[in-house]
Amino acid sequence: MNIFEKLFQELKRKYGKPKGQWQIWCKRPKNKREREEVVIEAILTQRTNWRNVELAFNNLKKEKIISFKSISQISPKKLESLIKPSGFYKAKAHYLLLLANFIIKHYGSLEKMKNEKQQELRKKLLALKGIGLETADSILLYALDKPIFLIDEYTRKLVKKYRLSKNLNYQFLQELFEKHLPKDFRLYQDFHALIVIDGKNKK
DNA sequence: ACCCAGGTGGCCC
DNA sequence: GGGCCACATGGG
């Protein structure tokens, strides 16, 4: 076992299966509603704590606006007001609308989208306004079950802590993790979740 | 009154 | 390819 596999085993031993906010994101398999929830939350969670994401998502739930179709049909102002607690709400409402419309127009559903190759999907997601490297990869990994290793601030902290690499470049770290781990979306989902859980754990 | 949280786009060099 | 700033809310 290399250091990456050992780290995963250690985190799994310490925390067990990812819990709380990760129940839906790490659930396998996911139904249509759960996949769409992950995509919506992937936008809402940009630079925001999970509690505020939940406040925003609960507002959407109350109005039954948790499908791409319903998001594409309500007014942008209404969408903005519902997701306000997640912060940066004007930008996020715009991004959500663009993304929902893109998926409806080009694929119809996430299940159909899932059939396309990872690299093609990634390129198309990154071309959308509001979708950067981390959001694109979180959609690929958690909503579309693609085996791509997600890099975020918590992953970088882990890399620094264990001196896994001096280079903190996104692509470099992604390739580094993938090179040392089996290509398995289940492993990547749980590993990333545990990295975040561990990163938040004060001690 | 600060500081922080699963980022991204725009602009600059 | 990186450095800096704006974007906004709710909790410690």
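Before anything else, my bookkeeping: helices (H or I, at least four residues) and strands (E, at least two) are DSSP runs, numbered from the N terminus. This is a predicted model, where local features need pLDDT of at least 70 and side-chain atom pairs count only at pLDDT 80 or more, while totals for chains, interfaces and linings use all residues. Residues are numbered from 1 along each chain as its sequence is written, and chains are lettered from A and ligands numbered from 1 in the order in which they are written.

I started with phi and omega. Most residues other than glycine have a negative phi, and most peptide bonds are trans. Lys64 has a positive phi of about 55° and is not a glycine. I found Lys64 in the loop between helix 4 (50-62) and helix 5 (68-73). For burial I use C-beta atoms placed from the backbone: 20 or more others within 10 Å is buried, 12 or fewer is exposed, and anything in between is partly exposed. Lys64 has 8 C-beta neighbours inside 10 Å, so it counts as exposed.

Asp145 also shows a positive phi, near 55°, and is not a glycine either. Asp145 sits in the loop between helix 10 and helix 11 (153-161). Its 17 C-beta neighbours inside 10 Å make Asp145 partly exposed.

Which two residues does the cis peptide bond join? They are Arg28 and Pro29, with omega about -10°. I placed Pro29 in the loop between helix 2 and helix 3 (32-44).

**Helix 3**

I checked the length of helix 3 next. Buried residues in helix 3 include Arg35, Glu36, Glu37 and Glu41, along with Val39 and Ala42.

**Domains and core**

I took the domain bounds from an automatic or database domain assignment. For chain A it gives domain 1 (1-20 + 148-203) and domain 2 (29-144). Their centres, taken over C-alpha atoms, are 24 Å apart. I count a contact when two C-beta atoms, placed from the backbone, lie within 7 Å. Eight residues from domain 1 and eight residues from domain 2 take part in the contact. On the domain 1 side, helix 13 gives the largest share, three residues.

For residue classes, I count Ala, Val, Leu, Ile, Met, Phe, Trp, Tyr, Cys and Pro as nonpolar, Asp, Glu, Lys and Arg as charged, and the others, Gly among them, as polar. The side of domain 1 that touches domain 2 then has six nonpolar, one polar and one charged residues.

A nonpolar core here is a set of buried Ala, Val, Leu, Ile, Met, Phe, Trp, Tyr and Cys residues joined through C-beta atoms within 7 Å. The largest one has 44 residues, and Leu96 and Ile139 have the most contacts inside it. Domain 1 and domain 2 both give residues to this core, so it lies between them. Leaving out residues up to four places away in sequence, Ile139 touches Val39, Ala42, Leu125 and Leu144.

**DNA surfaces**

I call a residue near a strand if its C-beta atom, placed from the backbone, lies within 6 Å of it. How many residues surround DNA strand B? I get 23, and the closest are Gln46, Arg47, Gly132, Glu134 and Thr135. Helix 2 (22-25), helix 10 (133-143) and helix 13 (185-200) each supply at least two residues of this surface. Helix 10 gives the largest share, four residues. By class I have seven nonpolar, ten polar and six charged.

DNA strand C has 14 residues around it, the closest being Pro85, Gly87, Phe88, Lys90 and Ala91. Helix 4 and helix 7 (89-106) are the elements that give two or more residues there.

I put Ser165 in the loop between helix 11 and helix 12. Ser165 is partly exposed, with 14 other C-beta atoms within 10 Å. Not counting residues up to four places away in sequence, Ser165 touches Val159, Leu173 and Leu176. Its C-alpha atom is 34 Å from that of Leu96, 69 residues apart along the chain.
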